[in-house]
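Reader: Hi! Could you walk me through a part of this structure?
Author: Happy to, let's have a look together.

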Amino acid sequence: MNRTMTDAELIQKFDEAIEKDQIYVNYQAQINHTTGRMLGAEALMRWKDPEFGSQSPADFIPVLEKNGLIYKADLHVFEHVCKFQKRCMDEGISLMPVSVNMSRFDIYNTNYIDSIENIRKQYGIPVKYLRIEVTESSAIGGMELMSSVLSRLHSLGYLVEMDDFGSGYSSLNILKGLMVDIIKLDMIFIRGDIGGRGGTILSSIVQMAKWLDTPVIAEGVETVELADYLKSIGCNYIQGFLYSVPSDEDTFIEYIKTVKHEPLTASLSLVNALDSGRFWNPESMETLIFNNFSGPASMFVYDTSDRSIEILRVNKKYIAEVGCGRTEKQIFETNPWDYLDEENRKIYEDTILDAIESADEETCETWMKICTDICGEEKICVRSSIRIIGHGGDKYLLYAMVRNITKEQQILNQYEENERRFKNAFEQANVYAWEVDVATKEMRPCYRCMRDLNLPPLVVDYPETAIKAGIFPPEVADKYRDMMKQLEEGVGTIEDIIPLTVGRVPFHVRYTTEFDETGKPLKLYGSATLVVE
């Protein structure tokens, strides 16, 4: 008769359960619903006590986690799987990849990966036949650690599955931030709701996985109706009671012998799946994310065969940021290349090609000339951060985050123009100018100072560096130090005639002090004007 053991009983019996294999492994197949072929299996931890009978994983696993015992239990399961694979090798049975769970507590144990590697090598199992499953909740609050663990597993050749995807609170962030190889969808949230909101969300998640070129396995599939629905939205891989109940090793080996096998492959990329219509559904998860949870953005297709570009979607923030009075319809109906001259088109197109080649985000700044009935002709500068999210044949689907930086560029251009004018004015007036940071004693000279006095863009330990360089002759060095001391003590302005350089050329030197909100000297602005006799 089965009875759930208390926490104390579980802890007390744990070591014996490990030693006597009362904690053991069941296997559940993963099937391609379209072909009926098996592509792998998941190893499931089970516990059967001789006195109290079978214990539910939902009862004993949290106890093991809470009491620091899950690490030992997970290694025990991993070794069981390696023994199983070794048996298949010895008996000439075709090997199938088996997924083994890695708990969030294993992630924090720096020895876990070394331990499973030692076990794998001990039994001589090729790494391609062992996959590591991590749960979505394992990453919450520890993305950097999780990312480093995944990188280590990938470096050793393991494929990593994200288990229970969709059951946590930050699925999209996890999907964005972690490089997992396979996504396993939790079907709990869709049961009884295939045609409702759950179905819409599920369809969107499958589509997003396609964008990422990531295979999806739906687990917990118990009915033909659900399996057929999953196939209709592009998710062919399933795990659940419909095809296979969790089985002991001997039963599972017999099952392996009766079914054909196939490798797991990624879904079609988004570009090849656009005809489904869900991409345009205003109620879909794609639209919700695109319109509400990202900044100004567009999605577009670039065709390498004819170098054409076609905008597929823009969100409301995009229209507000760079629309310049254009409607969404007008944006779609106009060739994007028409907004760019030859130089700016080359910049943008080169950035697209860089994004395709690097598979990473690439950024550029381009000037666009837009003409509308409302605003007339307007020239704007746009910073675009572009990333590839799908491809098919010669076509590449790209995602661009944009920002209108016209005002920034205008300010920068005005600043550069002012600098040019000041340079010219200084040239005509024989004026040198500089500023000094009181706290750091760093001096930043004007262009003329750098040119005529051979000063670097940043002079440290001012004025001592300038004194050593001979800009201030020895006989006036102490006088100049005293001027600086007065300024640092709070004098607002100070001026004097000082001979400068080895030629003792007289200059009218003037300083003005900038104070912070407490009245403490912050910066000193100096100038030197040639004294004309």
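**A sheet, a helix and an arginine**

Author: T493 stands opposite T512 in β18. Keep in mind that this is a predicted model.

Reader: Thanks! How do β17 and β18 pair, and over how many bridges?
Author: They pair in the antiparallel sense, over 8 bridges. The two strands make a hairpin with 4 residues between them, and T501 in that turn has a positive phi of about 65°.

Reader: And what is the strand order in the open sheet?
Author: The order is β16-β15-β19-β18-β17, 5 strands with antiparallel pairing. At the edges sit β16 (442–445) and β17 (493–500), each pairing on one side only. On average, neighbouring strands are turned by 25° against each other, direction ignored.

Reader: Over how many bridges do β15 and β16 pair?
Author: Over 4 bridges, in the antiparallel sense; β15 covers residues 431–437. In this pair, D437 stands opposite E442 in β16.

Reader: Which strands does helix α20 lie across?
Author: Helix α20 (residues 474–488) lies across β15, β17, β18 (505–515) and β19 (521–530). The helix runs at about 165° to β17.

Reader: Switching topic: where is R46, and is R46 buried or exposed?
Author: R46 is in strand β2 (residues 38–49). R46 is buried, yet has no salt bridge.

Reader: Then what does R46 touch?
Author: Leaving out residues up to four places away in sequence, R46 touches Q22, I23, Y24, N26, P57, F60 and P246.

How values were computed: Residues are numbered from 1 along each chain as its sequence is written. This is a predicted model: local features need pLDDT of at least 70, side-chain atom pairs count only at pLDDT 80 or more; totals for chains, interfaces and linings use all residues. Side-chain values use heavy atoms; hydrogens and water are left out. Two strands pair if DSSP finds at least two bridges between them. Axes are lines fitted to C-alpha atoms, for helices over the stretch in contact, and angles run from 0 to 180 degrees between N-to-C directions. Contact means heavy atoms within 4.5 Å. Buried means under 20% relative accessible area, exposed over 50%, partly exposed in between (1.4 Å probe, protein chains only). Lys and Arg count as positive and Asp and Glu as negative; His and the chain ends are not counted. A salt bridge is a side-chain nitrogen of Lys or Arg within 4 Å of a carboxyl oxygen of Asp or Glu.
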